[in-house]
Amino acid sequence: MLSIKSIIFFSTVLILVLISSFPTAYAFAHYAPNNTTGNSTGMMMGNASISSNVVEIIIVQHLIEVDHLVNEGYLTISETIIFRNVGTQNFTGPIYTWLQDDAFNLVVTKNTMAMDSQGIAITSFQVDDNIIGWDDSIQSSMGMPSMYHLDYMIPVDPDMEKDGSIDFNKKITVPATVNYHYVPMTGMYALIINTIELENTRITITDGDGVEIEPDLIEGANNLKKYNWVSPSFDQLCIKIGESKSGGSSTILYIGIILVIIGVVGYFLLKGNGQKEEKVNREDEGTGVYEDEDTAQYNDKEEVLTEYDIGNYSLNELKTAKKAVSRVLRELDDDFSSSIISEDEYDTIRSNYKKKAVDITKRIEMLEKEH
């Protein structure tokens, strides 16, 4: 599935590698051999042979192409990963990546950084249910980057496909096993995802907690959609390929999600209502529900987490609220696409919920660090 765009992309990378000097300050580990120092003449660890100086493997660029149309009932995946060793010594040993459950027909090839490269087949091995690896050598910082191409297929879940949804999952960081950091060259993107988005198709990309991930840049031509990140901060991504929903069903589902939010966090919201800030007391038919002024113009009975709530929730409560807010954002997008709500209403409500999602995420990260 290597397109003309991909060929041009790899040629550009080659030119930049040849004319630029990559800084060696970006030193991160991917496995035990990385970040290894000492004065001995050499050592062995697993299958990896390393010298006494530091070996530091990073990912310069990672391209993932997802095609759900070419093979009915299957996802056809192509990954191109460019590794670079910014350490002072060459590396020889296993290189790893993570594949989704049930991936099959895997073919791994090593390509040179040239337009006419045909690729050299490499034998891969299974580490566990999801992690695969292959043995190779990556030269130190003065050498050329190593580019690998992975082609494989994933069967589509029949139940999910029946419901109009197809999922692709990719863990880009698995601590202690697959932990290459993404460090792009200046002016380049580290992670790129190519998808096919038809008129009746909607692509959603979320992290491991189900929260929608905003790319640094979205590009598109015809039915092709490209999502770009300079430095991805998430450990896992999920690409959900679904059908655009009709207005009626979307409205019902959206109302249902609002009720779920109220049911899950309502008690805690009401518990802290005496200390809520910048809220308007909009008591509707004696319910005593407090609401955000911006959101109230769309739904008089909708409740939004306040800074006080976020600051006092437990870690599990915050994760539950984070998933709920993310679902509301997705359904809000559907309502806007179906012209159920105006652009002004959409911008106001989405801005409010996006801020809450960011605040919740920051609080979760702080609590996890404390634990």
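Reader: How do you know that the span of helix α7 agrees with its 28 residues?

Author: The expected span is 1.5 Å times one less than the number of residues. For α7 (residues 343–370) that should give 40 Å, and the end C-alpha atoms are 41 Å apart, so the two agree. Helices here are DSSP runs of H or I with at least four residues, strands are E runs of at least two, and both are numbered from the N terminus.

A word on the model: it is predicted, so local features need pLDDT of at least 70 and side-chain atom pairs pLDDT 80 or more, while totals for chains, interfaces and linings use all residues. Residues are numbered from 1 along each chain as its sequence is written, and side-chain values use heavy atoms, without hydrogens and water.

Reader: What makes R202 count as buried or exposed?

Author: Buried means under 20% relative accessible area, exposed over 50%, and partly exposed in between (1.4 Å probe, protein chains only). R202 has 19%, so it is buried. This residue is found in strand β14, where 6 of 6 residues are buried. R202, T204 and T206 point one way from the strand, and T201, I203 and I205 the other way.

Reader: Why are β14 and β17 called paired?

Author: Two strands pair if DSSP finds at least two bridges between them. β14 and β17 (residues 236–243) have 6 bridges in the antiparallel sense, so they qualify. One of the bridges joins I203 to I241.

Reader: What makes β11 and β14 edge strands?

Author: The open sheet has 3 strands in the order β11-β17-β14. β11 (165–171) and β14 each have a single partner strand, so one side of each lacks a neighbour in the sheet.

Reader: Which residues touch the most other members of the largest nonpolar core?

Author: Such a core is a set of buried Ala, Val, Leu, Ile, Met, Phe, Trp, Tyr and Cys residues joined through side-chain atoms within 4.5 Å. Among its 44 residues, those with the most such neighbours include F168, I205 and I239.
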